[in-house]
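This briefing covers selected local features of one protein model. The sequence and the structure come first, and the notes follow by topic.

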Amino acid sequence: MESEQLWYLLPAVGVALLAFLFAGWLFAWVKKQPQENEKIREVSGLIRKGANVFLNREYKVLAIFAGVAAVLIFLFLPHPVWSGDIWSNLMMAGAYLVGTVFSAFAGKIGIAVATQANSRTAEAAQKGIRPSFLCGFRGGAVMGMAVVGASLLGVALVFWATGKVTDSNAALLGFSFGASSLALFAKAGGGIFTKTADVAADLTGKVELGIPEDDPRNPAVIADNVGDNVGDVAGMGADLFDSNVASMAAALVMGAVLGGNSVATVFVYATIGLLASIIGILTARMGKKGGPTRALNASTYVTTAIFAGLTALATWVFKFHWAIWGASAVGLVVGTIVGIVTDYFTDDSKKPVRKTAEASEIGPAFTLLSGISYALVSTLPAMIGIGVSALAAYFLCAPLGEGFALFGISMAAVGMLSIVGMIISNDAYGPIVDNARGLAEMGNLGEEVLEITDKLDSAGNTVKAVTKGFAIGAAGLTVIALLGAFLSEVNAAGARLSAMGTLPNFVPISGFDIMNPTVFFGMLVGAAIPAVFSALLMLGVNRNAMRMVAEIRRQFREIVGLKEGKAQPEYDKCIDIATTGALKELIPAGLLAIISTLAVGFIGGVHAIGGFLTGNIVSGLLLALFMSNSGGLWDNAKKYVESGHNGGKGSAAHKAAVIGDTVGDPFKDTAGPSINTQITVVSLVASLMSTIFLTVSIFK
């Protein structure tokens, strides 16, 4: 690429660096907030220590995986190294490692600030809900800026360093695969850790012993708070980092082939999205009458409006195609609609949550049936929205020429993820205020402070559910775009192999016919993988939680005075169980996603993989939406009962709602949000292996 063609990289790098500076300012602001309560400072230190211990041990395991994967990429991708093209292989392997490092860096930054902001948010609640909200939100915004800044900077640097279109495609896919593979294991591991502790703490504390949620007598309470950070901060941050990188990579792979100003459009829109998020974060405030949920939603709408306006201006100034702007706008609107639908089915002020809480008065079976039913209904609007977005983008951009239809879908994904900086800020706010609620109870800050932190926590639960719905919707559009990128890679590889004489009769593929038995075979296998993947993760939570429940019961049985509050529980034992079990359980599920893709590709070739990806996308989106929404609904139904409705704390409805929440925990925080990473990973593996699948499959 000529240097004059890369003018758009300079503002992208500049705004990414601005995001890091802004994150540094927010971090410094959070650290300046008072932290005076000795007990809160002590417990916050334990949470910080536990989170870092887990993250360090997890990253050591993942470093081994990444090292092995990088060696395999160097030896075999994009061509076997003995074919003589060592440079392309080295570049892809290097980009892969850079992707893993950037993703890990984003997670570490998130943990660093979240474990500083939790105690300060708790103490700020003594001054009122508004200062406490601001502290929690700005803590979360550090994560938002770090993740999006790192993704934009990483993609821009990889694109600039590679030079040629073919090299850029290989390196971008490698970088994206690095981010995705680390996110897959980080989200799965963090999700298993957090739900191990949450399930065990709830079942033994609330149901068996009848003690409050964050009672310091419960040995699992610190592990539960650690889990909020490693699952919902580091894990979800890696997940959204992966989605953002994958959407840009898919758009750039197709845009580089299309030429013109297609690549510039991707970078300009992504840069404006980050800038809009910075402005939106600065405007986030709670009014005198509005609650925290309203403040979070308002700042999201501000960010959306700024992005839409500035991209329209950029389209006019730089003479981009208006159809491409229309595609990104459609993605943005659909992302907002998915968020609104998720909010309806998970907010405790809406009918589904209240009806589920009411059903809990009869018993836990009715809690579960209500939650499952409402969650199944909730999948329809989101699935229709994702489909309409892809359809609208396709037909808007098809008249621009061959290849632009799929590029339009990729730009719809970029548009949906354009405000991801704000979305991650909202998501990271959730675990910070959740921790703050626990710290307020353990620090004996009083009922008024607990009431404030409960309101912040309830808003955090709703926003986390909205974020997960948004992330799943964005992943849906991203993997449709990645399916287009896979098709582009297959045709490019086929053309090269045809010119070399290896595949002399290769005919470019325009699509995948489901009446073709090979395609249908792949589709059936692909549809089953998200279900098995989810089962492995939830069985991991189940096994690990059983071990922790046994440990909690042992401590209450053997430690004299623990139940009366006269003795200190052994918190480290529960943290160690959660850590060891999570690291043991995350590997099988992650390997399933990768190995199944390789197996289908080697058996049925690119046609089977086309069906595999299609089935995986549809099944994965449905399951992810169902699990995320059902878990969020059950969680807020429990909190609605705890706030004094339908019998209140200690009632039969409360115990039933706790059981619903316990079932929903691994749904919404382990399996559900991990599925969207899984479908991204298999799409990238397919693209990376396209040349090999063309040449060595059994049934071509």
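At 22% relative accessibility, Asn-646 counts as partly exposed, where buried means under 20% relative accessible area, exposed means over 50%, and partly exposed lies in between (1.4 Å probe, protein chains only). The model is predicted, so local features need pLDDT of at least 70 and side-chain atom pairs count only at pLDDT 80 or more, while totals for chains, interfaces and linings use all residues. Residues are numbered from 1 along each chain as its sequence is written, and side-chain values use heavy atoms, with hydrogens and water left out.

**Positive phi values**

- Asn-646 is found in the loop between helix 16 and helix 17; helices (H or I, at least four residues) are DSSP runs, numbered from the N terminus.
- The phi of Asn-646 is near 50°, a positive value in a residue other than glycine.
- Most residues other than glycine have a negative phi.
- Asn-444 also has a positive phi, of about 55°, although it is not a glycine.
- The loop between helix 13 and helix 14 (447–500) holds Asn-444, and this residue is exposed, with a relative accessible area of 69%.

**Salt bridges**

- A search of the whole structure finds 22 salt bridges, each defined as a side-chain nitrogen of Lys or Arg within 4 Å of a carboxyl oxygen of Asp or Glu.
- Side chains of opposite charge can pair when their charged atoms come close.
- Because Glu-441 and Arg-437 are four residues apart in helix 13 (residues 420–442), about one helical turn separates them; both are buried.
- Glu-551 forms a salt bridge with Arg-554, with the closest N and O atoms 2.8 Å apart.
- Glu-551 and Arg-554 are three residues apart in helix 15 (residues 517–558), so they are separated by about one helical turn. Glu-551 counts as buried, at 12% relative accessibility.
- An α-helix has 3.6 residues a turn, so residues three or four places apart point the same way.

**The network around Asp-635 and Lys-668**

- A network of salt bridges links Lys-195, Asp-198, Asp-457, Asp-635, Lys-638, Lys-639, Asp-661, Asp-665, Lys-668 and Asp-669.
- Lys-668 and Asp-665 both lie in helix 17 (residues 652–688), three residues apart, or about one turn of the helix; both are buried.
- Asp-635 lies in helix 16 and is buried, with a relative accessible area of 6%.
- The side chains of Asp-635 and Lys-668 are joined by a polar contact of 3.4 Å. A polar contact is a pair of N or O atoms within 3.5 Å; within protein, one must be able to donate a hydrogen and the other to accept it, and residues adjacent in sequence count only if both atoms are side-chain atoms.
- Not counting residues up to four places away in sequence, Asp-635 touches Asn-461, Asp-661 and Lys-668, contact meaning heavy atoms within 4.5 Å.

- Pro-352, Val-353, Thr-356, Ala-357 and Ala-359 are buried in helix 10 (residues 351–359).
- These residues cover an arc of only 160° around the axis, so they lie on the same side of helix 10; the arc is that of the directions from the helix axis to the C-beta atoms.
- The buried residues of helix 10 pack against helix 9 (322–346), helix 11 (364–397) and helix 16 (571–642).

**Helix 1 and the segment before it**

- Val-13 lies in helix 1 and is partly exposed, with a relative accessible area of 22%.
- Leaving aside neighbours within four places in sequence, Val-13 is in contact with Leu-153 and Ala-156.
- Val-13 and Val-155 are 142 residues apart along the chain, and their C-alpha atoms are separated by 9.6 Å.
- Trp-7 lies in the segment before helix 1 (9–32) and counts as partly exposed, at 38% relative accessibility.

Conventions. Helices (H or I, at least four residues) and strands (E, at least two) are DSSP runs, numbered from the N terminus.
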